Amino acid sequence: RISLTTSNFVFFLNNDDKVEFETRKIISKEKAHVLGGIGLKLSEWPYLDPVIDPINFLFVGRMVKEKGFGEFIQAAKALKKRYPNVSFTALGEPEKREKKFTLDYLKRLDKSGIVSCPGHVEVREWFARCSVFVLPSYREGVPRSTQEAMALGKPVITTNAPGCRDTVVQGKNGFLIEIGDVESLINAMEKFILKPNNIATMGVQSRNMAEEKFNAHIVNKRIFELTKI
């Protein structure tokens with residue numbers, strides 16, 4: 001609160017955070033601006049052909065409760081029983097403070113064949129193999145991983161939470177679910193399994209949205225215009 005009183009501009013990635021800061025009177029409305037994303041060099045994240053056979057759901061993020069990692073695992077376990085050929089992958093590493101999702105837990109999970117947990121790897125390679133990107137997070141700025149997935153043409157399943165909801169238009173490029181709702185996550189995933197053509201059509205919409213909202217040139221231009229650099 002003290003430091004922001006001396007600033008000329010404050011940039012937010014999503015409108016929810018901006019409104020909260022204004023409501024709490026931490027910052028004046030005149031100083032607050034929403035960027036809508038940190039921006040990507042889209043030429044480095046080209047559109048990829050959809051992956052439909054086999055269908056793979058990919059989670060990328062810190063393996064903690066707040067990222068919805070537990071919900072992802074529960075959904076994977078339920079769907080693997082119904083659709084053995086569908087695969088699930090989780091990229092990330094356990095945190096020392098995390099008591100449940102430890103390294104031993106992840107090794108057992110990987111060995112079970114339900115969720116593949118390859119550990120610290122080059123993310124881009126795994127993005128290329130996935131069909132749908134899943135991030136059931138409880139709150140974000142605007143997650144870079146989701147922006148990258150959208151640029152590559154991947155549909156998105158995420159939560160109706162600050163920062164997350166800004167990446168999905170319901171039913172257009174993916175689906176929004178409620179925080180902590182495993183059943184709705186399962187239902188959203190199943191929509192792609194039962195109608196795999198959605199992977200291609202919604203993936204194209206993700207790419208279109210990335211070009212409109214997450215182009216680094218557009219984001220940088222907005223920063224320059226506002227700051228008059």
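**Chat about a predicted model**

Analyst: Let's start with cysteine 117, which counts as buried at 14% relative accessibility (buried means under 20% relative accessible area, exposed over 50%, partly exposed in between, with a 1.4 Å probe and protein chains only).

User: Thanks! Before we go on, what kind of model is this?

Analyst: This is a predicted model, where local features need pLDDT of at least 70 and side-chain atom pairs count only at pLDDT 80 or more, while totals for chains, interfaces and linings use all residues. Residues are numbered from 1 along each chain as its sequence is written, and side-chain values use heavy atoms, leaving out hydrogens and water.

User: Got it. How many disulfides are there in the whole structure?

Analyst: The search finds 0 disulfides, a disulfide being a pair of cysteine sulfur atoms within 2.5 Å.

User: Switching to strands: what joins S3 to S4?

Analyst: S3 (residues 56–60) and S4 run parallel, with 5 bridges joining them. Strands pair if DSSP finds at least two bridges between them. Valine 60 has leucine 91 in S4 as its bridge partner. Strands here are DSSP E runs of at least two residues, helices H or I runs of at least four, numbered from the N terminus.

User: How many residues of S4 are buried?

Analyst: In S4 (residues 87–91), 4 of the 5 residues are buried, so the strand is largely enclosed by the rest of the structure.

User: Nice. Where is threonine 158, by the way?

Analyst: Threonine 158 is in strand S6 (residues 156–159), and it is buried, with a relative accessible area of 1%. Setting aside neighbours within four places in sequence, its contacts include Leu135, Cys164 and Phe175; contact means heavy atoms within 4.5 Å.

User: One more: where does lysine 31 sit, and what does its side chain reach?

Analyst: Lysine 31 is in the loop between helix H1 (15–23) and strand S2 (32–34). Its side chain reaches the backbone oxygen of threonine 5 at 3.0 Å. Not counting residues up to four places away in sequence, lysine 31 also touches others, among them Asn8, Phe9 and Val10.

User: How far is lysine 31 from leucine 194?

Analyst: Their C-alpha atoms are separated by 47 Å, and the two residues are 163 residues apart along the chain.

Conventions: A polar contact is a pair of N or O atoms within 3.5 Å; within protein, one must be able to donate a hydrogen and the other to accept it, and residues adjacent in sequence count only if both atoms are side-chain atoms.
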